[in-house]
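Trainee: I would like to go through this structure piece by piece. Where do we begin?

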Amino acid sequence: MEIKQSFMLAVKSLLSSKMRAILTMLGMIIGVAAVIVIIGLGNGVTAYIEDIFKSMGANVIASVTLYNGNSKKIDINELDNMVYNSQNIAKYSPYVTSNSPTSVKYGTNSHYSTIIGGNEDYGTVRDRGIEQGRFIQYLDVARIQRVCVIGSYVKDKLFEDEENVIGQNIKINGEVFKIVGILESKQEGIAGGEDDIIIIPYTVAQRIFKIEEVTTYYFLATSSEFAGEAEKDITQFWYDTFKDEDDYLIINAESILDQLNDVMSMLTTFLVAIAGISLLVGGIGIMNIMLISVTERTKEIGIRKALGAKRKDIISQFLIESITTSAIGGIIGIILGIIACYIVAGAMDLKFVISITSIIVAVGVSGFIGVIFGYLPANKAAKLNPIDALRYE
């Protein structure tokens with residue numbers, strides 16, 4: 001029997017008992033849909049995490065000094081010399097901040113914002129451009145000048161419709177600061193976001209927040225290719241300073257991203273494996289229905305054998321019917337899975353990424369399951385004795 005004819009018989013058999021066909025496919029539909037949703041949302045979450053770290057900069061390295069009982073202090077001049085003499089590090093900046101949002105006032109308007117202390121290179125290191133005015137300068141840091149650069153969200157909250165705020169004075173934690181610049185907007189209208197910050201000289205931040213030692217530094221490698229070498233230079237400097245590896249911690253955005261990707265990959269694989277149980281259940285369901293179908297069509301098999309049908313023809317007929325059932329279930333599962341991705345991603349405000357590979361794998365797996373679980377019923381049908389089959393009632 002030709003494959004086309006076997007396929008038409010399979011479709012006719014499914015249409016003759018629609019409810020049973022749907023129930024047969026249900027496990028396959030659920031399994032495939034679950035795999036599509038898990039892979040799609042997993043890829044979306046991974047892409048979201050990558051975007052966050054890329055915005056931080058793949059060539060940005062964070063360093064935290066822990067001071068575990070070590071009396072050795074950092075000499076800022078030695079740190080300057082290390083960065084200046086390193087061929088792998090372009091810029092660096094100390095980082096000082098309050099533990100919670102700080103009160104900021106202008107006239108009768110008030111707001112709570114994140115205060116960040118940095119040096120003249122903080123904007124370059126953290127990729128924060130200036131929309132108006134200027135950034136903090138070396139003399140501001142050296143002379144402990146009370147100047148600040150504010151984010152666009154802070155500007156809107158304090159100054160509302162005022163256009164030119166450069167030169168205006170605001171109070172931060174009760175102390176007067178002069179605005180010298182406005183940062184370029186990154187997350188317009190988001191409280192607590194990247195635009196809801198105020199940058200001041202770190203030397204001033206140390207005083208108003210009563211912080212004796214700077215513990216966090218950001219370094220900018222000359223390029224992402226030299227981030228590893230830059231990390232080695234930083235590590236060597238901290239070791240030469242503290243003589244103890246437990247007194248500092250170096251965080252490379254690229255290495256963290258690699259670790260997170262590995263975790264996400266393992267988690268996605270684990271969840272797909274769980275969803276694969278539904279595919280297994282669906283395959284068993286298909287096998288059971290095909291065995292029932294063989295029993296119901298025993299007489300038909302006997303007639304076909306009596307008319308000269310060979311063993312391979314009987315196997316082909318039932319195998320194609322099993323594959324068709326499984327494949328249709330897989331296609332419906334893919335469609336429902338994509339729809340579910342739209343719904344879940346929309347509800348969670350996430351992007352999702354449906355890869356062609358996952359769809360091909362889903363269709364391939366569903367077809368493979370049709371072959372594996374369809375062979376036993378097909379083989380049973382092919383082994384039937386024609387005379388016994390014709391006598392079957």
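Mentor: We begin with helix α8, where Ala-227, Ala-230, Ile-234, Phe-237, Trp-238, Thr-241 and Phe-242 are buried. Buried means under 20% relative accessible area, exposed over 50%, and partly exposed in between, with a 1.4 Å probe and protein chains only. Helices (H or I, at least four residues) and strands (E, at least two) are DSSP runs, numbered from the N terminus. This is a predicted model, in which local features need pLDDT of at least 70, side-chain atom pairs count only at pLDDT 80 or more, and totals for chains, interfaces and linings use all residues. Residues are numbered from 1 along each chain as its sequence is written, and side-chain values use heavy atoms, with hydrogens and water left out.

Trainee: Within what arc do the buried residues of α8 fall, seen down the axis?

Mentor: The arc is that of the directions from the helix axis to the C-beta atoms. The buried residues line one face of α8, because their arc is 115 degrees.

Trainee: What covers the buried residues of α8?

Mentor: Cover is judged by contact, meaning heavy atoms within 4.5 Å. The cover includes one helix, α3 (76–85), and the strands β1 (60–65), β2 (89–97), β10 (216–221) and β11 (248–252).

Trainee: How far apart are the end C-alpha atoms of α8?

Mentor: The expected span of a helix is 1.5 Å times one less than its number of residues. For the 16 residues of α8 (residues 227–242) that gives 22 Å, and the end C-alpha atoms agree, being apart by 22 Å.

Trainee: Which residue follows α8, and what is its phi?

Mentor: The phi of this residue is positive, near 60 degrees. The residue that follows α8 is Lys-243.

Trainee: Which residue is in a salt bridge with Asp-121?

Mentor: A salt bridge is a side-chain nitrogen of Lys or Arg within 4 Å of a carboxyl oxygen of Asp or Glu. For Asp-121 the N to O distance is 3.9 Å, and the partner is Lys-91. The pair links distant parts of the chain, 30 residues apart: Asp-121 is in the loop between β4 (109–118) and α4 (122–125), and its partner in strand β2 is Lys-91.

Trainee: Is Asp-121 buried or exposed?

Mentor: The relative accessible area of Lys-91 is 33%, so Lys-91 is partly exposed. Asp-121 has a relative accessible area of 18%, so Asp-121 is buried.

Trainee: What is the N to O distance in the salt bridge of Arg-134 and Asp-140?

Mentor: Arg-134 is partly exposed, with a relative accessible area of 28%, whereas Asp-140 is buried, at 6%. Their side chains meet in a salt bridge with an N to O distance of 2.8 Å.

Trainee: How many salt bridges does the structure hold?

Mentor: Another of them joins Asp-195 and Arg-128 at 3.4 Å, N to O. The number of salt bridges in the structure is six.

Trainee: Which helix gives the largest share of the nonpolar patch?

Mentor: Ile-328, Ile-331, Ile-332, Ile-335, Leu-336, Ile-339, Tyr-342, Ile-343 and Val-363 make a nonpolar surface patch of about 800 Å². Patches are made of residues with over 30% relative accessible area and no salt bridge, with like charges joined within 9 Å and nonpolar side chains (Val, Leu, Ile, Met, Phe, Trp, Tyr) within 5 Å; areas come from the Shrake-Rupley method with a 1.4 Å probe, and for residues only the protein chains shown count as cover. Val-363 lies in helix α12 (residues 356–382). The largest share, eight residues, comes from helix α11.
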